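Hi,

Here is the structure I promised to pass on.

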Amino acid sequence: MFFLSNNDCKEYHLEGRLLGHRNAINCLTVSRNGSLLASGGSDGMRIWDLKKRLQLPTPRQSPAIRNPVDPVTCACWITRQEATRETLCFGTGLGFLGIWQQQGEGLENFDAKVSRRIGNGKEIMCLTYDHAGDDTRIASGTRDRRVQVWSFNFKGLLIPIFSVELSTTIPRTVNFKHSASRNLLVFGMYDGEVHTLRGTDGVIIATYNAGPMIGHTAVDASHTLFLIDNVMNGFSLHQLDDGACIRTYNTDPVKTFPKQVVFGEKATLVVGGSDAGIIYVFDKNEGTLKQELQHADKARVQTVATYDGTHHSIIFGATSVNDAEPNISIWSRQRKSVTTPTSNHPLGSAFKNFVRGIFQLAVAMALMAYISTVFMGQRITSGISLESLGEFWRKPAAQAHELTNDDIRVLVETYIEDRRVEQYIKDRRMGDDLEIEPSSAENRKRTARAKLNSDKLHDEETHAVIILAN
């Protein structure tokens with residue numbers, strides 16, 4: 001993305017404008033990673049590098065799709081998650097479907113994979129896509145009430161799945177349902193009807209009414225809610241399963257032009273256009289107006305889009321009339337990071353060290369208990385014992401986390417050495433070659449230790465290694 005300030009802010013601020021279109025802009029769509037913006041209008045399709053804020057070269061197309069009187073009406077990116085190259089799909093007023101795909105080493109060039117007229121050549125009102133495994137589907141709705149679905153292999157081949165004509169509904173928005181059946185939702189423009197078409201053959205299997213008219217529709221990522229531009233008083237939020245209206249966001253439109261409305265900031269905001277040069281930003285749950293973004297003085301803003309990055313959110317607005325300077329405004333809001341590294345908090349670091357110390361103690365005690373069983377087969381009564389380590393356990397937690405791996409190693413090695421000495425003394429007492437006086441236990445140990453070292457006794461069990469996390 002383009003450069004943003006590091007300061008967290010509660011409101012959106014204008015980052016800049018993209019200039020290049022000569023006529024009204026009808027659609028905006030942002031690529032999956034937020035690096036590219038596609039804009040379509042009366043003067044064709046354009047792609048922008050948002051980091052450099054530059055327009056990228058457009059691919060060579062057939063003369064028919066370059067028709068200057070054929071505006072781009074809708075567009076969407078259809079890139080798969082595992083793909084490294086972005087793919088753009090768009091439709092025009094004369095029914096042409098175009099698909100462009102990134103090419104070249106720097107991925108700054110696009111190649112036209114598809115340029116064909118679909119159906120009866122009527123205006124393509126809406127487009128959408130769906131990925132399921134290796135199968136990618138594209139759906140379109142045209143002004144002659146026709147809905148078509150294809151399978152696309154990203155190499156330029158469109159394989160028809162079904163094509164149906166609705167009786168009265170002109171599709172304003174189409175959207176695949178998140179299910180194995182891959183059914184298709186169709187939102188009617190003038191009758192407010194919402195149809196569910198079966199994914200295999202396009203047969204209508206369910207219908208309900210969401211209102212008198214739908215200027216535009218957006219479905220949330222969880223597929224539980226949808227927004228509509230109700231044309232009459234603003235925008236409204238509905239349940240997807242039955243179309244019930246949950247909340248209305250009043251904008252008091254002067255004229256009943258259809259305006260795009262979308263979700264923003266992980267579906268917590270409602271963002272929509274206007275007929276007065278303003279982009280409205282509402283709180284989705286409270287219904288309150290949070291901010292008005294002044295795109296232009298008077299020109300209509302019927303085209304909007306949003307993008308949510310890791311630490312920032314972006315709102316795009318576009319001029320939708322020919323009698324004003326066409327431009328795309330970019331608004332951003334920097335957000336605080338949701339998670340903060342634990343190491344930045346002293347209490348979190350102290351607790352981590354305490355837990356680490358407890359873990360080290362537990363491992364050391366378990367290891368010495370095992371060694372005690374192997375060497376002595378009896379209760380430990382002298383030297384470094386479990387009881388002595390138990391005393392350390394009872395010390396304050398502030399000291400417990402200071403025990404290092406080297407400390408544990410020294411304790412264990414000392415303990416093992418004492419056990420070897422005791423075992424050596426015990427063995428020699430049973431024979432006749434122990435040349436020491438039994439007057440002092442400490443003297444016996446020192447003498448036996450010297451004898452033990454001179455004899456270079458080796459024991460497999462004495463080589464204990466402790467591996468602990470730092």
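This is a predicted model: local features need pLDDT of at least 70, side-chain atom pairs count only at pLDDT 80 or more; totals for chains, interfaces and linings use all residues.

Strand β10 is joined to strand β11 (residues 135–142) by 8 bridges, and the two run antiparallel. Strands here are DSSP runs (E, at least two residues; helices are H or I, at least four), numbered from the N terminus, and two strands pair if DSSP finds at least two bridges between them.

Residues are numbered from 1 along each chain as its sequence is written, and side-chain values use heavy atoms, with hydrogens and water left out.

Next up is β15. Why is strand β15 (residues 184–188) largely enclosed by the rest of the structure? Because 5 of its 5 residues are buried (under 20% relative accessible area; exposed is over 50% and partly exposed lies in between, with a 1.4 Å probe and protein chains only). Leu184, Val186 and Gly188 point one way from β15, Leu185 and Phe187 point the other way, and all are buried. In a regular strand the side chains alternate between the two faces of the sheet.

β15 pairs with strand β14 (residues 171–176) in the antiparallel sense over 5 bridges, with Phe176 opposite Leu184. It also pairs with β16 (residues 193–197), again antiparallel, over 4 bridges, and there Leu184 has Leu197 as its bridge partner. β15 and β16 form a hairpin with 4 residues between them, and Gly192 in the turn has a positive phi of about 70 degrees.

Last one: Ser236, in strand β20 (residues 234–239). Ser236 is buried, with a relative accessible area of 3%. Its side chain makes a polar contact with the side chain of His238 (2.8 Å); that term means a pair of N or O atoms within 3.5 Å, and within protein one must be able to donate a hydrogen and the other to accept it, while residues adjacent in sequence count only if both atoms are side-chain atoms.

Cheers
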